[in-house]
Amino acid sequence: MKHLAVLTSGGDAPGMNAAIRAVVRTAIHKGVRVSGIGHGYQGLIEDDLRPLGARSVANVIQRGGTILRTARCEPFLTGEGRARAAATLRRHGVEGLIVIGGDGTYRGASALHEEHGVPVIGVPGTIDNDIYGTDVSIGFNTAINTALDAVDKLRDTAASHNRMFLAEVMGRHSGHIALNVGVAGGAEAILIPERPVDVEAVVDLLTAAERRGKTSSVVVVAEGAVPGGAVALQREIEERAGYEMRTVILGHVQRGGSPSTRDRVLASRLGSMAVEGLVSGRSGEMVGVDKRGNVFVPLADVVRQQKPIDEQLVELATILAI
Ligand code: ADP
């Protein structure tokens, strides 16, 4: 292999730059040329390629976001769009593609691999940590640290004013952020999409906590845990129980910021491994980490299967909230 390309796609995540840097420098170490594609699959269709050398990725390991930019690309959902993307790669003599992103990005990469024989390797980059086949994805550790910092601050004011706070964190379909931040922040309750609860149950929980002598509460809510999110939940709780609550939506601040040490090391490891995989002839797989160490997981399995929530942590959260 003489020439590979790298892109970031879907939602940005802190640590993506560290992964790009690792891809570029590992490739150079192996005598392989690298092109960076701007704006995800959109750039592949629109021929937005630039050469990346060792110095192009200087000073990026500490930066959040992605220097290659990212995009959601409708045309790539069509066979015609993917044919144009494959033609771009052929024109530039690119022999392998590394995609950094989440499930949607892998669906696109799998289609490109199956329809046009393009060798592809996926690198898990999403703050949600909802990718099957890897214990962690790039950006998760930074995002939970950012969210936890906010929850700790809310706790200070909640305790001072005897208030109840709902802290909405990201996670439309998964509760990994909420669960970890909730346990680490000592939340009175954690609401996640994997375990739907009705408002009545939340009210009961808060009332019981009050009876046990708690004078303030912080409930961590994943955005997809209840229809309408934390704002709708607050309204319903106030109507039913007469509690006065405050809702704080952490929103996009959770995506940004300088990546944590763990995310930088993870991204460096996975980016490098992706190049090793491509160069040694692997394709249609994602790099990840689990109890066995570094692993390659078929993209077909990654997109088909749902990453389970940590049941032990769910139980522990309840025990520790007494
Ligand atoms: P993520 O990778 O974070 O899950 P998205 O779901 O937005 O993010 O997917 C990123 C991009 O991947 C989409 O904008 C689209 O271009 C491409 N993509 C997603 N699903 C498919 C699919 N089924 N087939 C082809 N391309 C897809």
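R82 is buried, with a relative accessible area of 12%. Buried means under 20% relative accessible area, exposed means over 50%, and partly exposed is in between, using a 1.4 Å probe and protein chains only. A word on the source: this is a predicted model, where local features need pLDDT of at least 70 and side-chain atom pairs count only at pLDDT 80 or more, while totals for chains, interfaces and linings use all residues. Residues are numbered from 1 along each chain as its sequence is written, and side-chain values use heavy atoms, with hydrogens and water left out.

Back to R82. Which residue does the side chain of R82 meet in a salt bridge? The partner is E115, at 2.8 Å from N to O. A salt bridge here is a side-chain nitrogen of Lys or Arg within 4 Å of a carboxyl oxygen of Asp or Glu. R82 sits in helix α3 and E115 in helix α4, residues 103–116. The two are 33 residues apart, and the pair links distant parts of the chain. Helices are DSSP runs of H or I with at least four residues, strands are runs of E with at least two, and both are numbered from the N terminus. E115 counts as partly exposed, at 42% relative accessibility.

How many salt bridges does the structure hold? The count is 13. Here are some of them.

Take D149 and K153. Their side chains meet in a salt bridge, 3.0 Å from N to O. Both lie in helix α5, residues 140–161. They are four residues apart, about one turn of the helix. D149 is partly exposed at 39% relative accessibility. K153 is exposed at 52%.

Next, E311 and R195. This salt bridge has an N to O distance of 2.2 Å. E311 lies in helix α11, and R195 lies in the loop between β7 (189–191) and α7 (199–211). E311 is partly exposed, with a relative accessible area of 43%. R195 is partly exposed too, at 38%. There is also a network: salt bridges that share partners join R155, E188 and K214.

Stay on helix α11, residues 311–320, for I319. I319 is partly exposed, at 48% relative accessible area. Together with L316 and L320, I319 forms a nonpolar patch on the surface, with about 280 Å² of accessible area in total. For patches, residues need over 30% relative accessible area and no salt bridge; like charges are joined within 9 Å, and nonpolar side chains (Val, Leu, Ile, Met, Phe, Trp, Tyr) within 5 Å. Accessible areas come from the Shrake-Rupley method with a 1.4 Å probe, and for residues only the protein chains shown count as cover.

Now the rings. Rings of Phe, Tyr and Trp (its six-membered ring) pair if their centres lie within 6.5 Å; planes under 30 degrees apart are stacked, over 60 edge-to-face, and the rest tilted. By this rule there is one aromatic pair. Y41 and F76 are stacked, 3.8 Å centre to centre, with 0° between the planes. Y41 is in helix α2 (residues 40–45) and F76 is in the loop between β3 (49–52) and α3 (79–91), so the pair ties together parts 35 residues apart in sequence. Both Y41 and F76 are buried.

Next, the ligand. There are 15 residues around it, and R72, C73, G102, G104 and T105 come nearest. Near means that a heavy atom of the residue lies within 4 Å. A ligand oxygen is 2.7 Å from a polar backbone atom of C73. Another distance is 2.5 Å, from a ligand oxygen to an N or O atom in the side chain of T105. How much of the ligand does the protein cover? It covers 76% of the 560 Å² of accessible area that the ligand has on its own.

Last stop, the backbone. N59 has a positive phi of about 65°, although it is not a glycine. N59 lies in the loop between β3 and α3, and is exposed at 61%. N162 also has a positive phi, about 50°, and is not a glycine. N162 sits in the loop between α5 and β6 (164–169).

Conventions
Polar contact = N/O pair within 3.5 Å; in protein donor to acceptor, adjacent residues only side chain to side chain.
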